[in-house]
Amino acid sequence: LVLLKCICHSSAIIASKAAEQSSECVQEIKLKCLQFYKTAVKEMLKRLPYKDTFFEMLTFIDPKIALYNESRIKIKDLTDIAVRIGLIGQIDITKLAFEWRSLPSMFNDIEKQELSSLDIEEMWRKILEFKDSNGDKMFSTLESLIEVVFSLPHSNAEAERIFSIVSDVKNKKRNRLSNDMVSAICIIRSSFQTQGNNCLNFKVEPRHLELHNSENLYKK
């Protein structure tokens, strides 16, 4: 990320300077910029784990792979994913393998087409709601894996957002806030932003008022 920011900043400076130069100088600047970008890409490829097979395995959530056996050549089993995200010991791997194998056979072609046409999160929500004859979820173990995969950050935007909230919450005038209090405020503000809540539309419930007492407000 830092490297990309440097590239953008450098490009802006170069562009402003190039406008003031002769055509020969502009051409030279273009060639140097091209070489700069090539070097930058090479350095990023050295540092980023773009060849990590884990990223390819995560494509199992794609409907073309999840719902059709013929597309599962490289992803026949989800054990490696469960290992990488730390679910070993928390879920039944044998059951996970069974649910993954049986998934395509649970839906006919029309149902698969309907599911594939949905947003990917909506598609998985409907799949995970599927129940057997006893009323139990057919893919309860797979659901645990899906929840973790969908919670994986796709960028550092969320972390940057939290840092921004922290800097707003804990400033020079509020530098004595405890870590627990800062954490609580950040969680609330982040939740409000995600759900679109604010002080005008938030509905105060009786349970909130019950917590609003001296014991909680002035806890040391």
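Me: In what order do the elements of the protein chain run from the N terminus on?
Reply: This is a predicted model. The protein chain holds 13 helices and 0 strands. Read from the N terminus, the order is therefore α-α-α-α-α-α-α-α-α-α-α-α-α.

Me: What share of the residues in the protein chain is buried?
Reply: A residue counts as buried when its relative accessible area is under 20%. The protein chain has 220 residues, and the buried ones make up 23%.

Me: Among contacts with a separation of 6 or more, what percentage joins residues 24 or more positions apart?
Reply: A contact requires heavy atoms within 4.5 Å. Of the contacts in the protein chain with a separation of 6 or more, those between residues 24 or more positions apart account for 58%.

Me: Are α10 and α11 oblique or roughly parallel to each other?
Reply: Helix α10 covers residues 157–169 and helix α11 covers residues 179–195; their axes lie 10 Å apart, at an angle of about 125 degrees. Roughly perpendicular ends at 115 degrees and roughly antiparallel begins over 145. The angle falls between those limits, so α10 and α11 are oblique.

Me: Is the crossing of α10 and α11 left-handed or right-handed, and which residues of α11 make the contact?
Reply: α10 passes α11 in a right-handed crossing. On the α10 side the contact uses E158, R161, I162, I165, V166, D168 and V169. On the α11 side it uses I185, C186, R189, S190 and Q193.

Me: How are α6 and α9 oriented to each other?
Reply: The axes of α6 (residues 93–102) and α9 come within 8 Å and cross at roughly 95 degrees. K95, L96 and E99 in α6 meet S140, T141, L142 and L145 in α9. The range from 65 to 115 degrees takes in this angle, so α6 and α9 are roughly perpendicular.

Me: Which residue has a side chain in polar contact with that of E143?
Reply: E143 lies in helix α9, residues 140–151, and counts as buried because its relative accessibility is 17%. Leaving out residues up to four places away in sequence, E143 touches L128 and K137. The polar contact, at 3.3 Å, is with the side chain of K137.

Me: How far apart in space are M138 and L128, C-alpha to C-alpha?
Reply: M138 sits in the loop between α8 (120–128) and α9, and is buried because its relative accessible area is 17%. Beyond four places in sequence, M138 touches E99, M106, F130, K131 and D132. M138 and L128 are 10 residues apart in sequence, and their C-alpha distance is 7.3 Å.

Me: Which residue's backbone oxygen does the side chain of N201 reach?
Reply: N201 is in the loop between α11 and α12 (206–211). Its relative accessible area is 42%, so N201 is partly exposed. At 3.2 Å, the side chain of N201 reaches the backbone oxygen of G196.

Conventions: Residues are numbered from 1 along each chain as its sequence is written. This is a predicted model: local features need pLDDT of at least 70, side-chain atom pairs count only at pLDDT 80 or more; totals for chains, interfaces and linings use all residues. Side-chain values use heavy atoms; hydrogens and water are left out. Helices (H or I, at least four residues) and strands (E, at least two) are DSSP runs, numbered from the N terminus. Buried means under 20% relative accessible area, exposed over 50%, partly exposed in between (1.4 Å probe, protein chains only). A polar contact is a pair of N or O atoms within 3.5 Å; within protein, one must be able to donate a hydrogen and the other to accept it, and residues adjacent in sequence count only if both atoms are side-chain atoms. Axes are lines fitted to C-alpha atoms, for helices over the stretch in contact, and angles run from 0 to 180 degrees between N-to-C directions. Angles under 35 degrees count as roughly parallel, over 145 as roughly antiparallel, 65 to 115 as roughly perpendicular and the rest as oblique. A crossing is left-handed if the near helix is turned anticlockwise from the far one by less than a right angle, and right-handed if clockwise.
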